[in-house]
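Hi,

Here is the structure I promised to pass on.

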Amino acid sequence: MSRSFFRAVFLALTLTVLSAAFSNPLPCKGVCNDTHDPSLIRRTSDGKYFRFATGGGIDIHTASSITGPWVSAGKVLASGSSINNPGADDAWAPDVHYVGGTYYLYYAVSSFGTQTSAIGVATSTTLDSGTWTDHGSTSVTSKTGDDYNAIDPNLIQVSGKNYLTFGSFWGDIYQTTLSSNLETWSKSTPYRIELNTTSPQPSEGAYVYHTGSYYYLFFSSGSCCGYDTSRPAPGNEYKIMVCRSTTVTGGYVDKNGKACTSSGGTLVLGSHGVVYGPGGQGVYDDLVEGSVLYYHYVDTNIGYADGDKVLGINKIDWSTGWPVV
Ligand SMILES: *[C@@H]1O[C@H](CO)[C@@H](O)[C@H](O)[C@H]1NC(C)=O
Ligand SMILES: *[C@@H]1O[C@H](CO)[C@@H](O)[C@H](O)[C@H]1NC(C)=O
């Protein structure tokens with residue numbers, strides 16, 4: 001047996017150990033598909049969990065715990081968004097927050113492969129289907145030729161300011177602010193907080209989470225969708241990256257200190273075992289499970305279509321100052 005054989009075995013073992021570094025998602029019960037770009041929140045009044053997802057008026061699922069059993073519970077925008085763009089009946093990437101007694105749900109109206117996009121908002125005091133008021137566009141919009149694409153909104157409130165992180169595929173991740181009403185753009189010029197210059201990798205689906213001394217910028221890097229008809233080169237499918245910063249506006253850096261605006265980013269979760277293309281993530285502090293990363297992924301035993309994607313939940317270990325799942 002040659003030395004190169006041993007080297008190959010050693011490499012294979014190392015790769016096995018590396019890929020085993022991710023835990024499997026917690027078991028999910030009930031309806032766990034129809035969960036593309038999930039947003040999770042627990043209703044304050046009765047502790048019921050709500051899950052919102054991309055597509056067809058934003059489907060709602062509810063459960064008694066974060067891992068289910070999830071049941072179908074209607075839609076947010078049953079007759080589509082009032083935003084007058086292609087895709088108004090197929091809103092994307094919900095992001096839900098509870099502020100001062102009202103639930104705010106941000107969403108995007110766009111169509112695949114275009115920059116004709118807008119970020120909209122709907123509100124409800126209960127989260128239930130049939131109680132949502134659509135306020136239409138926040139005026140955070142984009143058009144062909146802009147540096148960014150106005151999709152994948154995420155709100156974080158810091159010192160009385162409402163930061164909206166969004167984008168993008170084009171130009172990657174940007175940030176701006178909303179007015180104090182939480183429904184309209186402040187008109188402050190969006191600035192970039194993340195860019196991957198290595199072609200063809202797009203970044204999108206950002207989620208900013210604050211814990212300890214840092215703001216953590218999670219984002220989905222790679223190709224998101226349509227894996228049933230065409231799959232990207234291995235490694236270019238969705239995966240979850242993170243950078244961190246002591247201020248919400250940046251500069252975000254990865255674990256090696258590389259700027260997130262110069263292709264930096266530390267891998268949090270990639271494909272492993274039966275998990276393929278995890279992304280569309282968020283972070284939630286659950287009463288039972290603690291701090292969790294939630295996301296959608298393809299279970300290769302189920303199917304690669306966008307509707308087949310299932311809800312993934314992994315506990316996050318923050319002990320090193322970086323999220324480990
Ligand atoms: C940037 O894109 C390249 C491929 O084009 C990919 O391999 C790499 O993981 C991406 N980096 C980040 C931080 O997303
Ligand atoms: C979810 O799975 C069920 C059962 O397999 C299936 O009938 C349904 O069409 C799926 N939902 C989506 C959105 O694909």
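**Around the ligands**

For the classes, Ala, Val, Leu, Ile, Met, Phe, Trp, Tyr, Cys and Pro count as nonpolar, Asp, Glu, Lys and Arg as charged, and the others, Gly among them, as polar.

Before you go further: this is a predicted model, where local features need pLDDT of at least 70 and side-chain atom pairs count only at pLDDT 80 or more, while totals for chains, interfaces and linings use all residues. Residues are numbered from 1 along each chain as its sequence is written, with chains lettered from A and ligands numbered from 1 in the order in which they are written.

Around ligand 2 sit Asn 33, Asp 34, Gly 307 and Asp 308. Here the shell has two polar and two charged residues, and no nonpolar ones.

**The annotated active site**

An unreviewed UniProt entry puts the feature "active site" at Asp 37 and Glu 204 (positions are in the numbering used here, feature names are shortened, and annotations may be inferred rather than shown by experiment). The two span 168 residues in sequence, yet no two of their C-alpha atoms are more than 10.8 Å apart, so they gather at one spot.

Asp 37 lies in the loop between α1 (3-19) and β1 (39-42), whereas Glu 204 belongs to strand β13 (residues 203-211). Helices (H or I, at least four residues) and strands (E, at least two) are DSSP runs, numbered from the N terminus. Asp 37 is buried, with 28 other C-beta atoms within 10 Å, and Glu 204 is buried too, with 25 C-beta neighbours inside 10 Å. Buried means 20 or more other C-beta atoms within 10 Å of the residue's own, exposed 12 or fewer, and partly exposed in between, with C-beta atoms placed from the backbone.

**Strand β15**

Six of the seven residues of β15 (residues 239-245) are buried. β15 pairs antiparallel with β14 (residues 214-221) over seven bridges (strands pair if DSSP finds at least two bridges between them), and Leu 217 has Cys 243 in β15 as its bridge partner. Three bridges join β15 to β16 (residues 266-269), also antiparallel, and there Val 242 is partnered with Thr 266.

Cheers

Methods
A residue is near a molecule or strand if its C-beta atom, placed from the backbone, lies within 6 Å of it.
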